Amino acid sequence: MGQIELKQVTKSFGNTQVIPPLDLTIHEGEFTVFVGPSGCGKSTLLRLIAGLEDISSGHIEIDGTDATSLVPAKRGLAMVFQSYALYPHMSVRKNIAFPLKMAKMDQAEIDKRVNAAAEVLNLKDYIDRRPGQLSGGQRQRVAIGRAIVREPSAFLFDEPLSNLDAALRVGMRLEISELHKRLKTTMVYVTHDQVEAMTMADKIVVLQAGVIEQIGSPLELYRTPRNVFVAGFIGSPKMNLITGEEAAKYDAHTIGVRPEHIDVVDGEGEWNGTVGVAEHLGSDTFFHIHNTGLGEMLTVRAIGDVSLKHGDKIGLNPRKNEMHRFDAAGLRIA
Ligand SMILES: Nc1ncnc2c1ncn2[C@@H]1O[C@H](COP(=O)(O)OP(=O)(O)O)[C@@H](O)[C@H]1O
Ligand SMILES: [Mg+2]
């Protein structure tokens with residue numbers, strides 16, 4: 001259960017087509033992340049799957065059955081909304097039970113499902129509290145609990161962590177990943193944050209302007225981005241992309257080297273420049289380097305604390321075997 005297939009799906013708002021014909025298979029049990037810049041159509045795509053928006057053309061199949069014209073409630077999917085959608089006057093128990101009450105489910109079955117959800121989400125000690133008496137992370141768990149009790153064939157998440165502060169976001173990210181490992185239910189998760197995508201996904205779908213740029217595991221996208229867009233989007237800090245004479249040396253229009261694939265050397269290197277900003281994180285040092293003659297500012301990651309500072313000369317050797325090459329159309333050269 002939980003295989004979702006999009007076949008030649010399009011979506012237009014008025015005369016504006018935001019999703020050109022799109023094919024995509026989300027496999028049973030997979031954690032799939034849609035990632036891309038703001039406005040690229042991630043939420044629209046998720047809402048089409050949920051049935052909250054009608055598709056303009058094409059078909060959506062869920063577990064082999066045409067679901068194109070099914071209302072959301074009949075699709076067997078659960079959308080997880082942000083925690084502020086909780087009812088403030090209801091206890092955690094009542095909030096979680098709410099969709100089952102609405103469906104007029106038998107009380108004994110409701111209790112069973114709510115207790116099981118509270119157990120899996122570590123909410124048992126808070127079950128009689130109201131949302132106002134919970135932390136942000138606990139509230140988010142209640143929102144997820146409300147989806148779990150419906151026993152959906154897939155969970156759909158639309159940027160559920162974007163309102164949380166950075167530390168909480170990292171914690172919840174782990175919790176949702178753990179939950180997926182335990183439930184093994186299909187999850188489709190939308191985010192603009194490529195770090196979230198990289199850390200959570202089995203499979204990442206990179207979108208730009210409604211078009212799928214690449215589908216792959218996090219490491220497939222990291223190692224073999226199929227075009228310049230994916231190369232620049234996946235990875236933090238960003239891959240250095242260099243055009244012009246230097247790229248021509250490698251028979252490419254653009255060469256790409258990740259910051260972690262450029263070594264800082266003593267004295268002169270193959271590339272040389274001056275340090276603009278040095279970011280000392282302790283575990284790593286990020287250098288932003290000017291005056292390399294390569295046309296772009298370079299970002300370089302050195303392991304540990306390297307004591308070069310603003311204005312210092314720096315010599316660099318890019319690792320040739322880690323270099324990516326792209327043609328004039330921006331496509332990867334094998
Ligand atoms: N209801 C709507 N009416 C008109 N345009 C919309 C509507 N919803 C989304 N759009 C447009 O569709 C595009 C994709 O939006 P969206 O799916 O929300 O992007 P994302 O979630 O990736 O930020 C945007 O250009 C947005 O302005
Ligand atoms: Mg969105």
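Gln8 sits in strand E1, which spans residues 4–13; strands (E, at least two residues) and helices (H or I, at least four) are DSSP runs numbered from the N terminus. Have a look at its backbone: phi of Gln8 is near 50°, a positive value in a residue other than glycine. Most residues other than glycine have a negative phi, and most peptide bonds are trans. Pro237 belongs to the loop between helix H8 (228–233) and strand E11 (240–243).

Before going further, a word on what you are looking at. This is a predicted model, in which local features need pLDDT of at least 70 and side-chain atom pairs count only at pLDDT 80 or more, while totals for chains, interfaces and linings use all residues. Residues are numbered from 1 along each chain as its sequence is written, chains are lettered from A and ligands numbered from 1 in the order in which they are written, and side-chain values use heavy atoms, with hydrogens and water left out.

Now to ligand 1. Its surroundings are Phe13, Val18, Pro37, Ser38, Gly39, Cys40, Gly41, Lys42, Ser43 and Thr44, where a residue counts as near if one of its heavy atoms lies within 4 Å. From Gly41, a polar backbone atom is 3.0 Å from an oxygen atom of ligand 1. Side chains take part as well: an N or O atom of Ser43 is 2.8 Å from a ligand oxygen, and one of Thr44 is 2.5 Å from a ligand oxygen.

Next come the charged pairs. Side chains of opposite charge can pair when their charged atoms come close. Counting a side-chain nitrogen of Lys or Arg within 4 Å of a carboxyl oxygen of Asp or Glu as a salt bridge, the total comes to 14. One of them joins Lys203 to Glu30, with the closest N and O atoms 3.4 Å apart. Lys203 is in strand E9 (residues 203–208) and Glu30 in the loop between strand E2 (16–26) and strand E3 (31–35), so this pair ties together parts that are 173 residues apart in sequence.

Another lysine, Lys124, is found in the loop between helix H3 (107–120) and helix H4 (136–148). Beyond its neighbours within four places in sequence, Lys124 is in contact (heavy atoms within 4.5 Å) with Ala118 and Glu119. The side chains of Lys124 and Glu119 are joined by a polar contact of 3.1 Å.

Finally, step back to the whole chain. An automatic or database assignment divides it into domain 1 (4–229) and domain 2 (237–326). Six residues from domain 1 and eight residues from domain 2 make the contact. About 520 Å² is buried between them, 64% of it from carbon and sulfur atoms; buried area is the accessible area (1.4 Å probe) lost on putting two parts together, summed over both. Tyr222, Pro225 and Val228 supply 87% of what domain 1 buries against domain 2, more than any other three residues. The interface has zero salt bridges, but two residue pairs are in polar contact across it.

Note on methods. Polar contact = N/O pair within 3.5 Å; in protein donor to acceptor, adjacent residues only side chain to side chain.
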